[in-house]
Amino acid sequence: MNDISQAIPFLGKRNPKAALFALVVIALVSPVVAAMFGNTWVRILNFAMLYILLSIGLNLVVGFAGLLDLGYIAFYAVGAYTWAFLASPHFGLHLPFWIVLPLGAGFAALAGIALGFPTLRLRGDYLAIVTLGFGEIVRIFMNNLTHPVNITNGPQGIDQIDGMSLFGLDLNRGLQITEGFQVKSLFLYYYVFLAFVVLAVILVKRIQVSRIGRAWAAIRDDELAAKAIGINTRNLKLLAFAMGATFGGVSGGLFGAFQGFVSPESFTLMESIAILTMIVFGGMGNLAGVIVGALALSFLPEVLRYIALPVQMAIFGKVFLDPEVLRMLLLSLAMILMMLLKPAGLVPAQSRYSKADLLGDKEIAQ
Amino acid sequence: MQTLLQQIINGLVVGSVYAVVALGYTMVYGILGLINFAHGDVLMVGALVAYTAITFFQAAIPGLSPIVYFALGLMVAMPACMVIGYTIERTAYRRLRNAPRLAPLITAIGVSFLLQTLAMIIWGRNYHSFPQLIQTAPIEVVTGVFMTPVQMTTVGLSAAMMVGLVLLVTRTNMGRAMRATAENHRVASLMGVDTNGIIALTFIIGSALAAVAGVMIASNYGVAHYSMGFMPGLKAFTAAVLGGIGNLAGAMVGGIVLGLVEAIGAGYIETWSGGWLNSSYQDIFAFIILGIVLIFRPTGLLGERVADRA
């Protein structure tokens, strides 16, 4: 797990174990610290976790396999809407977590394959446009599938979605430990999301060093050469799409349960671009980088919101740049400047792909 | 029959605008092999600059003929977009010309969103009603089939620009230099062509065309706002691919065909699908066409370039 510790600057390179320990402590304590600044920040933290999951998923497709996907948010939407259909009063269904989440992930994976299949032969830039179109098609359907049968409830979206309930614990209610001490719902969601992130990190680490991960790297670096050494590029590209989509579907389900409300507005192209920017910003193809990027770009806009607005009010007496504009400005500048100045991202990926390099394990290296 | 004719006319109008925008994509692609993602947003800037210029002139020099205001708007919007096109090429793309293939594409997406954000800051989020300077009262062309003067102007202007561009590319020295650069940068520069200049020029010409297209779209729909460039940009790209990207005639054919398919499709989709789908699904046609073309004929209708160039 060495390269995850790179997420902590300086310490990560010198003493990976200490850095990893620090990372665990930070991950466990951060919601408590965030709560000191108000529950909004815990909420932001929860969304940051979802963004990490999404970034890890998109990184499989873009960073590992080198397939630029601009419609990634569609899989998030598939997961979220699956949850909304199967666990809300909209259709009167209230299926449990253990059925809905895998279903959402499965549908998303199917959508991934459906998108991957026709686009297999396309090179980078065409693929980007087709995936973008796919994302838009999904959004158009979400907005318009209201008659003759009302399926998606159009732009109003679906509300009153059931929360998550794990092992008899309803996350929306919070956990009453003693009479006076209660773990709030927001915190419970944070730790569940964190668990998913940890699971995702371990899974992706293992994939990266496996035959599959190395084959993806080969395809990304030179598809023709990869084909020539006997890699089944078709199946592996499809696998990348399907796996990336699964991550999107799972985080979409978590999003639906946490938010309790889904509408097409959450699944715009801007969100796809935001996730892409997080990967680019942090370091494409590197897990630690992707996590750093996702955290940085989910927090910076919020910090700006709390700093820039009062500053503008104080200086000009009115707000010129509202938070949404600031976020877009930040994301687009981050994308352009990173590509021009530091194309490998904040935490660049290793260029070598031996198992020993990735695991940092001396025994294997010898 | 009249419905069909009417939809064909509507399709021609929309298609001619797509064709003009598609020319911008296809020129840049032909020379750099880059999809200039920000092209649609240059169109938006053109429309909004024209909006500001027209309202300014209407207040500053009242009493002129509406056509003069329209021309003034175009004359301000075109140089503005040319400057923007040049700036984009110079700052965002030139340094990445030899970078890995995903890099310029990601920068292009960034530039597109930066332009939208800046437009949002300057012009706000609201829809601005674009001055209707050309008559919008429909004229009966054939019995039961109508066309407005705005639509006629749109088709006329588009045709004029397409002819102008083709003449420029095929008949002038500058055009020969452009074709040479598209063929092979290195050899062209050995033959004394200033390839950097030619590439910048391509962006400038494409942006000027986009400005005109933007003004025409805004005049047809009567509104201008910061995200109006996205859909036309995407559809024009589809048109360029449909016709064969990198090919000027292809972009024009693709634009017209796409406009026709879209208009006819939007007119009949409700009957065809038995009421399940309606004209709000209009935007899907472009994407479906894009998918079909890329799967079955990635070189497009007239193209000879190969899409699968790894």
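This is a predicted model: local features need pLDDT of at least 70, side-chain atom pairs count only at pLDDT 80 or more; totals for chains, interfaces and linings use all residues.
Two residues are taken to be in contact if their C-beta atoms, placed from the backbone, lie within 7 Å.

What does Ala47(B) touch once its neighbours within four places in sequence are left aside? The partners of Ala47(B) are then Gly214(B), Val215(B), Ile217(B), Ala218(B), Ala224(B) and Met228(B).

Attention now turns to the place where the two chains meet. Here, 33 residues of chain A are in contact with 35 residues of chain B. On the chain B side, the elements giving two or more residues are α4 (102-123) and α11 (284-296). Of these, α4(B) supplies the largest share, 13 residues. Sorted by class, the chain B side that touches chain A holds 24 nonpolar, 6 polar and 5 charged residues.

The axes of α11 (residues 269-282) and α13 (residues 323-341) of chain A come within 9 Å and cross at roughly 35 degrees, and the crossing of α11(A) past α13(A) is left-handed. From α11(A), the residues Ile273(A), Ala274(A), Thr277(A), Val280(A) and Phe281(A) take part; they meet Leu331(A), Ala334(A), Met335(A), Met338(A) and Met339(A) of α13(A). This contact between α11(A) and α13(A) comprises 9 nonpolar residues and 1 polar residue, with no charged residues.

Conventions
Residues are numbered from 1 along each chain as its sequence is written. Chains are lettered from A and ligands numbered from 1 in the order in which they are written. Helices (H or I, at least four residues) and strands (E, at least two) are DSSP runs, numbered from the N terminus. Ala, Val, Leu, Ile, Met, Phe, Trp, Tyr, Cys and Pro count as nonpolar, Asp, Glu, Lys and Arg as charged, and the others, Gly among them, as polar. Axes are lines fitted to C-alpha atoms, for helices over the stretch in contact, and angles run from 0 to 180 degrees between N-to-C directions. A crossing is left-handed if the near helix is turned anticlockwise from the far one by less than a right angle, and right-handed if clockwise.
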